[in-house]
Amino acid sequence: MESKAWTEKVMQGVFFIAACTSVLAVALICIFLFANGIPAIRQIGFVKFITGDIWRPGNELFGIFPMIIGSIYVTAGAIIFGVPIGILTSVFMAMYCPKKIYRPLKAATELLAGIPSVVYGFFGMVIVVPIIRDFGRTLKMMGLVEKSGDGKGILTTSIVLGMMILPTIIGTTESAMRAVPPQYYEGSLALGATQERSIFKVVIPAAKSGVITGIVLGIGRAIGETMAVIMIAGNQPRLVNNILLGVRTLTGNIVIEMGYATGLHREALIATGVVLFVFILIINFSVALLKRRGEHE
């Protein structure tokens with residue numbers, strides 16, 4: 001008995017150390033970012049840094065507004081492409097999919113989560129970029145757009161990011177739908193509702209906490225993606241009003257220039273990381289808030 005109690009205390013200490021290590025890692029990242037980023041924001045000026053539309057480190061002009069808008073554009077595009085496909089796939093897997101097809105389909109969706117970002121980037125460069133380039137040229141010939149771009153831009157990035165967030169949305173939404181008591185669905189059918197109406201009017205609303213959580217987590221994946229975005233976004237720090245043209249995101253701006261940045265330029269890139277970190281914190285806070293609401297409901 002004494003040996004068992006001693007073992008339990010040791011394991012409790014191990015678990016406590018592991019938990020403290022995780023908290024310490026987050027704390028160190030926060031300290032590093034804010035300690036190095038806040039002074040740069042003060043020197044540049046918060047308003048100029050956030051709302052400035054010119055990024056020219058050689059002239060000490062550090063405006064990240066184009067990168068913020070670029071990140072918002074590609075993330076919104078990823079949501080438009082990825083969320084409907086993800087939710088409909090989850091509905092099929094949870095409500096319609098035969099057992100023989102479920103396992104390979106589940107394995108395929110999980111495999112999407114394990115594919116490296118650079119592979120998505122190569123896929124976008126080789127397959128998606130030429131298609132969007134030809135599509136843009138067709139639109140230009142028809143007089144629908146002034147510039148067609150070279151295929152690298154918001155639309156291409158949105159499509160690839162939409163593919164990348166599918167595993168997160170599918171896995172979370174399917175689990176949430178399976179957690180809904182079957183009596184909800186059966187009761188709706190008994191009252192005369194069709195199968196589709198029962199799913200979209202009863203099951204999905206009952207699982208809305210998990211569905212929204214999956215969407216928010218997908219947003220976090222899209223806004224934090226770097227490698228694939230660098231390869232297909234065009235990386236042009238400017239404001240655009242055409243989804244066929246290239247943009248630069250916050251993550252792309254940091255990775256592209258950090259290798260040779262020095263002085264205030266380097267600190268401004270770290271400050272860009274602070275802005276991105278705040279976005280991620282807001283997203284995580286939203287997930288926690290949605291989970292609390294779901295538990296109360």
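Q: Which residues are buried in α7?

A: Buried means under 20% relative accessible area, exposed means over 50%, and partly exposed lies in between (1.4 Å probe, protein chains only). In α7, the buried residues are Leu-166, Pro-167, Ile-169, Ile-170, Thr-173, Glu-174, Ala-176 and Met-177. Please keep in mind that this is a predicted model, in which local features need pLDDT of at least 70 and side-chain atom pairs count only at pLDDT 80 or more, while totals for chains, interfaces and linings use all residues. Residues are numbered from 1 along each chain as its sequence is written, and side-chain values use heavy atoms, with hydrogens and water left out.

Q: What is a helix here, and what span does α7 reach?

A: Helices (H or I, at least four residues) and strands (E, at least two) are DSSP runs, numbered from the N terminus. The expected span of a helix is 1.5 Å times one less than its number of residues. Helix α7 covers residues 166-178, 13 residues in total, and reaches 18 Å from its first C-alpha to its last, close to the 18 Å expected.

Q: What covers the buried residues of α7?

A: Look for contacts, meaning heavy atoms within 4.5 Å. The cover includes α3 (65-96), α4 (99-114), α6 (154-164), α9 (195-206) and α10 (208-224).

Q: How do I read a nonpolar core, and which residues have the most contacts inside the largest one?

A: In soluble globular proteins, nonpolar side chains tend to be buried together. A nonpolar core is a set of buried Ala, Val, Leu, Ile, Met, Phe, Trp, Tyr and Cys residues joined through side-chain atoms within 4.5 Å. The largest one has 38 residues, and Ile-87, Leu-161 and Met-177 have the most contacts inside it. Two or more residues come from each of α3, α5 (117-141), α6, α7, α9, α10 and α11 (227-232). The most come from α3, which gives six residues. Another core, of 22 residues, lies apart from this one, and Ala-40, Ile-41, Ile-68 and Leu-276 are among its members.

Q: Which residues is Leu-161 in contact with, leaving aside its neighbours within four places in sequence?

A: Leu-161 is in contact with Val-74, Ala-78, Ala-222, Glu-225 and Val-229, once those neighbours are set aside.

Q: How many salt bridges does a search of the whole structure find?

A: Side chains of opposite charge can pair when their charged atoms come close. A salt bridge is a side-chain nitrogen of Lys or Arg within 4 Å of a carboxyl oxygen of Asp or Glu. The search finds four. One of them joins the side chains of Glu-174 and Lys-106, at 3.0 Å from N to O. This pair links distant parts of the chain, with Glu-174 in helix α7 and Lys-106 in helix α4, 68 residues apart.

Q: What else does Glu-174 form a salt bridge with?

A: Glu-174 also pairs with Arg-178, their closest N and O atoms being 3.0 Å apart. Because Glu-174 and Arg-178 are four residues apart in helix α7, about one helical turn separates them. Glu-174 is buried, at 2% relative accessibility, whereas Arg-178 is partly exposed at 46%.

Q: Where is Asn-242 found, and what does its side chain meet?

A: A polar contact is a pair of N or O atoms within 3.5 Å; within protein, one must be able to donate a hydrogen and the other to accept it, and residues adjacent in sequence count only if both atoms are side-chain atoms. Asn-242 is found in the loop between α11 and α12 (250-258), and is buried at 12% relative accessible area. A polar atom of the Asn-242 side chain lies 2.9 Å from the backbone oxygen of Lys-147, and one lies 2.9 Å from the backbone nitrogen of Leu-244.
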